[in-house]
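Subject: A structure to look through

Dear colleague,

I am handing over a structure that I would like you to read through slowly, with the viewer open beside this message. Below it I have set out what was found, term by term.

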Amino acid sequence: METFNIFKDLALIIFAAEFFGLLAKKCKAPQVVGQIIAGLLIGPAVFGLVGSSEFLNEMAEIGVVLLMFSAGLETDLKELIRTGPLALLVACVGVFVPLLGGFVLFSLLMYGGFPETGSQEFFKALFIGSIMTATSVTITVQTLRELGKLKGKIGTLILSAAIIDDVIGIIVLTFVISLSGGENASGGSIGKVLIQILLFFVVTIGAGILVYKLFKLLNKRYPHRRRLPIFGLAFAMILSFCAEEFFGIADITGAYAAGIILSSLKDSDYVAQKMDISSYMIFGPIFFVNIGLKTNFSEMTSELVLFSVLFVIVSLITKIIGCGAVAKLAKNSWKDSLKVGVGMMTRGEVALIVASKGLSAGLMEQKYFVAVILLIICSSIATPIILKLLYRGEDNDAPANENQTQEPAQAQA
């Protein structure tokens, strides 16, 4: 009888995720916000209709892999290679400053000082910082499109920096988890971890060139056929497995790398579209709703409330300072520099994915998910409002068109 209960749970999860996702969309917020709220409502935190289980956790893990594979597929590799040093610098500083800010905040607030280097407390504080590094520009892109500024100098800079930001963020996550010995990682010295990561990328690039050529031939012989996304999914799964099993780094790194390898295929959009069906209908909603299911407000204390509020403030300010300062050093105006910083401060799917990986690696406690959820909601609401104020009174660079084809970079988490 217990086996059949999973169908009831899945029905509730899928229905609630879609209903509240659409409601969030109507309120001009990301659908993931609605899906997380759905999990809070139907989970133990409120009504207790559905509880988190090992089965749902495993389904959610598949959802994470699919999300990161899709993110890789939608990465414009040529733009990533072609992008200028300014976008690279904006991304690097935009990762470093929040990483440092999160580390300092968690260390001082939770430990009353900086923990010993290499201790578990040190890696927990470092991991909180790594959550802050994630950028999701989906809301920013939609706002810039409505304002007719998507193709402008600042819009292009934000998009380019966001792509690189994603890659650096995944590397930071991989480094922290591997060095701490979390999940399947063996841990060890910095040198050992760097060698593991370097070996993974060397092997992935080498094998990726061969795999890309095989897929290119398959794409040429069987264009727009379902066998292409099926084999692509199998490739993502095997690379995710190899990342964990042989290199001791996060499976999502392998999934993301698989997506980037296949992103230059002629039918990469077709592959991404087919992946989106499974991800959008079942695995994605389960992942985001499961975040809500795991959240328990009974553990909320005055200390945790204070941490959550400061976590949001530090996350937003460090992105603005880090990215905006680089833009200003590049001789942009103060106003344009602020636009870059604000445009990079939104957080979304990647922040949740990073947080969930930290949970499974023992680097973060479940109670801190409240802070991550609050960050996503606040940044998603604040970013479009502030950007519209900053662009008020300026002429459009290009006509705003909601039906305009979406750039690949827009879908980045």
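A residue is called buried when its relative accessible area is under 20%, exposed when that area is over 50%, and partly exposed in between, with a 1.4 Å probe and protein chains only. Please keep in mind that this is a predicted model, in which local features need pLDDT of at least 70 and side-chain atom pairs count only at pLDDT 80 or more, while totals for chains, interfaces and linings use all residues. Residues are numbered from 1 along each chain as its sequence is written, and side-chain values use heavy atoms, with hydrogens and water left out.

With that in hand, Cys27 counts as exposed because its relative accessible area is 59%, whereas Cys378, at 29%, counts as partly exposed. A disulfide (a pair of cysteine sulfur atoms within 2.5 Å) was also looked for, and the structure holds 0 of them.

Next, the overall picture. The protein chain has 16 helices and 0 strands, where helices (H or I, at least four residues) and strands (E, at least two) are DSSP runs, numbered from the N terminus. Of its 413 residues, 54% count as buried. If a contact is taken as heavy atoms within 4.5 Å, then 79% of the contacts in the protein chain with a separation of 6 or more are between residues 24 or more positions apart.

The mean for the protein chain is 82, and 87% of its residues reach 70 or more. Confidence is lowest in helix H4 (residues 77–82), with a mean of 67, and highest in H13, with 93. Over residues 398–413 the pLDDT stays under 50, and for this stretch the model has 37 contacts beyond four places in sequence.

Now to the aromatic rings. Rings of Phe, Tyr and Trp (its six-membered ring) pair if their centres lie within 6.5 Å, and planes under 30 degrees apart count as stacked, over 60 as edge-to-face and the rest as tilted. The whole structure contains 15 aromatic pairs by this search. One of them is the stacked pair of Phe15 and Phe19, with 6.2 Å from centre to centre and 15° between the planes. Both residues belong to helix H1 (residues 2–26) and are 4 residues apart, about one turn of the helix. Phe15 counts as exposed because its relative accessibility is 59%, and Phe19, at 46%, counts as partly exposed.

Phe307 and Tyr368, by contrast, form an edge-to-face pair, with 5.2 Å from centre to centre and 70° between the planes. Because Phe307 lies in helix H13 (residues 302–329) and Tyr368 in the loop between helix H15 (349–360) and helix H16 (369–390), the pair ties together parts that are 61 residues apart in sequence. Both Phe307 and Tyr368 are buried, and together with Phe106, Tyr111 and Phe311 they form one aromatic cluster.

Which residue makes a polar contact with the side chain of Asp165? Here a polar contact is a pair of N or O atoms within 3.5 Å; within protein, one must be able to donate a hydrogen and the other to accept it, and residues adjacent in sequence count only if both atoms are side-chain atoms. The partner is Lys319, through its side chain, at 2.8 Å. Asp165 is in helix H8 (residues 153–180) and, at 1% relative accessibility, counts as buried.

With best wishes

Technical notes. pLDDT = per-residue confidence, 0-100.
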